[in-house]
Amino acid sequence: MNQQLTLDFFSPPPQTINNFVGNGNTAVLTALRQSIQPGRAIYIWGASGSGRTHLLRASVNAYNGIYCNHISCAENINSFLEVSPHTSKLIAIDDVNLLDTQGQEALFKLYNRWREIGRAVNGFTIITSGNQSATSLDLREDLRTRIAWDLSFRLHNLSDEERLYALREQAKELGMNLTKEVSSWLLSYCSRDMRYLTAVVSALDRYSIERHRPITVPLLKELLMQQNFENKT
């Protein structure tokens, strides 16, 4: 089998608001469905693997927005601010806790423009994410204040039961048989990040079809070993 083809197997399914799992996160999901409008800003925070990137990318996909992480933040924001009226009504900045000096300056300017325009026709929505509450971020004080201006939501980590439910639902959509043994092995020996897990399940489905073999723990181990994926408890 072509090695690059197998590597491509690990592309995770598209992120949507509807396929985000977590009973404790209803408030943020409701906000992302109902509050994306000019003049709104939403800050989403939580631990690594809690789904912050999923929700930012899902919102961008749903509303034809612009996504940038801490590396591309300054460039993308400055390009966005140079165009008037703005080409997009939503801009999402992931991992603001990692912003360097240039990134912080760009985000500061973005919030000032956002506040200046407000709910006008050319207004826009800002969605940001970080690993802790806005007031606790290790950023310049005037930027922390701006990030906390509007809506803020903390993401709660999924329980093992919720992770298993999400993987079973994904398997149903793919028409695959994900046994309790396979799903339990995934949770016991692989990273618990849902983006990683859903990517593995998608890859396992395609790998099983290609190899004409049922989905079992040995098949899963074989796939992971071929890709040199690091299994983390």
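This passage describes the overall make-up of a predicted protein model and the setting of its strand β1.

The protein chain comprises 233 residues, of which 49% are buried. Its secondary structure consists of 10 helices and five strands. The C-alpha trace extends over about 60 × 35 × 30 Å along the principal axes. Of the contacts between residues at least 6 apart in sequence, 76% link residues separated by at least 24 positions.

The accessible surface of the protein chain amounts to about 11800 Å², and carbon and sulfur atoms contribute 48% of this area. Charged side chains number 24 positive and 23 negative, with the centres of the two sets 4 Å apart.

Strand β1 spans residues 41–45, and five of its five residues are buried. Cover is present on both faces of the strand. One side carries Ala41, Tyr43 and Trp45, while Ile42 and Ile44 lie on the other, and all of these residues are buried.

Two strands were identified as pairing partners of β1, namely β4 and β5. Strand β4, formed by residues 125–130, runs parallel to β1 and is joined to it by five bridges.

Notes:
Residues numbered from 1 in each chain as written. Predicted model: local features only at pLDDT ≥ 70, side-chain atom pairs only at ≥ 80, totals over all residues. Heavy atoms only, no water. Helix = DSSP H or I, 4+ residues; strand = E, 2+ residues; numbered from the N terminus. Buried < 20%, exposed > 50% of the residue type's maximum accessible area, 1.4 Å probe, protein only. Contact = heavy atoms within 4.5 Å. Areas by Shrake-Rupley, 256 points an atom, 1.4 Å probe, with all protein chains shown as cover. Lys, Arg positive; Asp, Glu negative; His and termini not counted. Charge placed at Lys NZ, Arg CZ, Asp CG, Glu CD. Pairing = 2+ DSSP bridges.
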